[in-house]
Amino acid sequence: MSLRNTSLLVWLLIGMNGWCTGPGNHLQAQPIAQLHSPDRSLSLHVFLSPAGEIKYSIQKSGTNVIQPSVLGVMMKGHDFTQGLKLANISKPEHITDRYQTKNAKKSSIVYQARQLVMSFVNEEKRAMDIIFRLSNDGAAFRYAFPWVKSNETIVKEVSSFEFDSKTTAWLQPMSEAKTGYEHCHPSYEEHYLQNIAVGTASPLKSGWVYPALFKTNDIWVLITEAALDGTYCGTRLINDPAASVYSIGFADPREVFTGGGYLPQNNKPWLTPWRIITIGSLKTIAESTLGTDLAPAAALKDASFVKPGKASWSWINSKDDHITFDEQIKYIDYAHDMQWQYCLIDADWDTRIGYDKVAELSAYAKQKKVGLILWYNSAGDWNTIKYHPKNLLLTKEGREKEFGRLQAMGIKGIKIDFFGGDGQSMIQYYIDILNDAAKYKLLVNFHGATLPRGWQKTYPHLMTAEAIYGMEMVTFDQKAADKQANHCAMLPFTRNAFDPMDFTPMNLTGLTSSDCIRRTTPAFELALSVLFLSGIQHYAQAPEGMMQVPGEVKALLRMLPGNWDDVRFLDGYPGKYAVIARRSGNRWYIAGINGDNNEKKVILDITAFKKSKATLFSDGTGSELFSKAVLNAATQKKCDITLNPNSGFVMVLE
């Protein structure tokens, strides 16, 4: 839309007061603006009703994706949901952002979009700007309140996403606050409901977590948020079972830092988080970087200490009673032998080992070129968990004292567990931890935690976060083990689409501390080391089991990169199977898993990667864990791979 046409549209609209007539002279919402993506495949229309209600719709190549859906927020004392009038529309602007990352699908990313800013005023003449962006892979919008100077509170956001009634969804329920183990929920640890009818009620009655996946008119849509700062709560999707509309829901009032609030609050000019709608094919979803594209730029001046890698971890195998000095020596030696960069020491290390002996472990690990990561309990009084160190991170003074001590001991990172939800004050607590950890050059892993929502771009030392029903659940519950393959085949399209995920994958030889029976094959587990994205990948494989693994597979695990330069989606379907290629330097790694109970045939054109040699690792026969085949990558245009139920493969092209 040209500036001239935009100005004319504004003049016509103001002159008509936003009214138009439809059949029977009924007053209807008037289209007042449109925006196209750079390649013009996506289009957005904005409407204003006679009652002053704002709506938007999105089309993909002429097909409706988001039906007319409501926009606006309700502040305490200020209504921005109705009675609004258009004050101004900006000229559409081209946005380009280039950034580097060590913790995403790609190391070098270019984001391009078209942006439109629309300014509305309410009945008290207060302004609300809505910023829209359209990129080739999706849409985003956020609100701006430039007039805010004293404390204001948003009590409700009415932003919504209305779908065609035939839409289906793949959604994870949000758990209710203060439920679960020692009242530790919510922690984004539920199984996905898959291919459900749009409008299905959440079984836990607290809505649905991000990213939320939908299929409408054969177009895939993934909804999430980014640019979440300490002024806002983390949100979720809520819906009325009688309709196909999903709206923004706020955190439970109980999801707060002690004495803090749950509603968004600010006393300065205010930008709310981006609402992100990725739109396209499954290839679009699997390759998109919108979740980090819309996050603020990196805040670190010195990120030289941020080093991705892989880690050994004793707790997943030997649990609480083996957090001992000797056990950690064994796992440090294990990491050294596997050329992994880190070793994680879990809960109660402060009493079971002690600070002085951990300092000895740190010095020993340094000699082995291994960095130590230490576990902490985040908790104040928001749950009843007894694990420790506990209550050391609740104040800035306490954090700086503890982080300074860790830095002096040579500790490289911290794993902080059992957070209390998504209220505004709890989100501020996450950010306070990240800011203080950066000062002491500590890497961060959040567990029992919220979804990162692109924080890893703004805070590059946030290496990973759990926020998933992960491998530890497989060690506790046979039902979780039974569903693992299907669950893992969901994650590249949902939870792990944008944000690093500490699933703690790759159990090649069976669980050593559990009566649960692993249902996946060794090759399936190996594939997770490539398929899943995490700045530090904590492996669930015990050193005793690794002794059974063939040398060629161990060599692969030694050379696996800690971060990736590029990604290609090759094949897949949520919950059924996933085949994704990742590049590091000159090598491509292809990982595939079958999450279904039926055999799956995958056909790959590996000549497209322009390499000469392909090494395929798949399940072995008889007593062999793995089989290996070497292929001519220059001529293998049709490579047939048969995946048995719950199986997988890894291919290295060079």
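First, a term I needed: two strands pair if DSSP finds at least two bridges between them. Helices (H or I, at least four residues) and strands (E, at least two) are DSSP runs, numbered from the N terminus. I noted that this is a predicted model, where local features need pLDDT of at least 70, side-chain atom pairs count only at pLDDT 80 or more, and totals for chains, interfaces and linings use all residues. Residues are numbered from 1 along each chain as its sequence is written, and side-chain values use heavy atoms, leaving out hydrogens and water.

**Entry: the sheet**

I looked up β25 (residues 309-313) and found 3 bridges to β26 (residues 342-345), with the two strands running parallel. Opposite alanine 311 I found tyrosine 342 of β26.

Next I traced the whole open sheet: its 7 strands pair in parallel, in the order β30-β29-β28-β27-β26-β25-β31. At the edges I found β30 (462-465) and β31 (536-538), each pairing on one side only.

**Entry: two helices**

How do α5 and α7 pack? I read an angle of about 15 degrees and axes 11 Å apart for α5 (residues 325-337) and α7 (residues 355-367). Axes are lines fitted to C-alpha atoms, for helices over the stretch in contact, and angles run from 0 to 180 degrees between N-to-C directions. Angles under 35 degrees count as roughly parallel, so α5 and α7 are roughly parallel to each other.

For the contact (heavy atoms within 4.5 Å), I listed Phe325, Gln328, Ile329, Ile332 and Asp333 of α5, and Lys357, Glu360, Leu361, Tyr364 and Ala365 of α7.

Notes
Angles under 35 degrees count as roughly parallel, over 145 as roughly antiparallel, 65 to 115 as roughly perpendicular and the rest as oblique.
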